[in-house]
Amino acid sequence: MKEQPTPIRLHSARGSLSVQDLSVRYGSSRVLRGVSCEIRPGGITGILGPNGAGKSTFLKGILGLVPVETGVVRYKGQNLRSEQVAYLPQRSLIDWTFPATVWDVVLMGRVKPTGWLRRIGRQGRQRAAQALERVGMQDYRDRPIGQLSGGQQQRVFLARALAQEAEIYALDEPFAGIDHPSEAILFQVLRELADSGHVVMVVHHDLGQALTYFDEVLLLNQVVIAQGSPAQVLQPHLLQQAYGHSMTLDLAA
Ligand SMILES: Nc1ncnc2c1ncn2[C@@H]1O[C@H](COP(=O)(O)OP(=O)(O)OP(=O)(O)O)[C@@H](O)[C@H]1O
Ligand SMILES: [Mg+2]
């Protein structure tokens, strides 16, 4: 497989997710243009960029949730299959009035491996219970999801992703507006997933936290502005390219 070079490259590991020439348009507006990058396992990759940069579209394009104009997505050298990915959509896109309990939501993580028409068996229920426990939400099993705080909801959705036993985790702004204990749990679970060789990518919008949260950063605004370590990427001239002048000044302040 021929890899597209990215602006800054580290070593290439096995089990990487490789995105080549991804372009997406909604109607007449082009949101992503020729995005090529490689997301490696073993670290947490932050996907950063201003509002409307195409960060959510990047994840959806990889997952095949939006039609792509061009683009090839490979994982371990093969075409990516949707069941290999656990995806947490941006919170604002989830219908929180959906009448489901915490347990229902976590069990949904088992639907793909089990198939819609088959009952979720003992092993699936066990995995779902373990996942719920891992995020510290086992006491909320029977609560309607809509009655939880934002942080608790994100923990439940992370449990659903864990129950799915995917190889790749794609999370869209999971830390937005959540409490500190939930943030710590989420981050610790993501770290463990990365340490155990999963590909973990997280859309995030706080540049300050990016330095401590992420091992690698992909800076996007329609195109890839840069990819590399946070120190390599979070430089004024690159941020200016991504965010424009005012953001650079804000950061310096
Ligand atoms: N389904 C859609 N139909 C038409 N335009 C869309 C659609 N989804 C997103 N867009 C537009 O595409 C652009 C990129 O959207 P996207 O949601 O990917 O950006 P983002 O970087 O995730 O932004 P945010 O930080 O606000 O979440 C925006 O201008 C948005 O308005
Ligand atoms: Mg978004």
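Before anything else, a word on terms: helices (H or I, at least four residues) and strands (E, at least two) are DSSP runs, and they are numbered from the N terminus.

What we are looking at is a predicted model, in which local features need pLDDT of at least 70 and side-chain atom pairs count only at pLDDT 80 or more, while totals for chains, interfaces and linings use all residues. Residues are numbered from 1 along each chain as its sequence is written, chains are lettered from A and ligands numbered from 1 in the order in which they are written, and side-chain values use heavy atoms, with hydrogens and water left out.

The protein has ten helices and ten strands. Of its 253 residues, 52% count as buried, where buried means under 20% relative accessible area, exposed means over 50%, and partly exposed lies in between, with a 1.4 Å probe and protein chains only.

Let me stay with helix 5, residues 150-163, for a moment. From its first C-alpha to its last, this helix of 14 residues reaches 20 Å, close to the 20 Å expected at 1.5 Å a residue, the expected span being 1.5 Å times one less than the number of residues. Because 14 of the 14 residues of helix 5 are buried, the helix is largely enclosed by the rest of the structure.

Four strands form an open sheet in the order 2-1-4-5, with antiparallel pairing, and two strands pair if DSSP finds at least two bridges between them. At the edges are strand 2 (29-39) and strand 5 (78-79), each of which pairs on one side only. Helix 1 packs on this sheet, touching strand 1, strand 2 and strand 4, and its direction makes about 110° with that of strand 1; contact here means heavy atoms within 4.5 Å, and the angles, which run from 0 to 180 degrees, are taken between N-to-C directions of lines fitted to C-alpha atoms, for helices over the stretch in contact.

Which residues hold the magnesium ion (ligand 2) as protein donors? They are Ser 56, through OG, and Gln 90, through OE1, lying 2.1 to 2.3 Å from the ion. Ser 56 belongs to helix 1 (residues 55-63), whereas Gln 90, 34 residues apart from it, sits in the loop between strand 6 (85-88) and helix 2 (102-108). Donors are N, O and S atoms within 2.8 Å of the metal (3.2 Å for Na, K and Ca), and water is not among the atoms, so sites may look incomplete. Ser 56 counts as buried because its relative accessibility is 15%.
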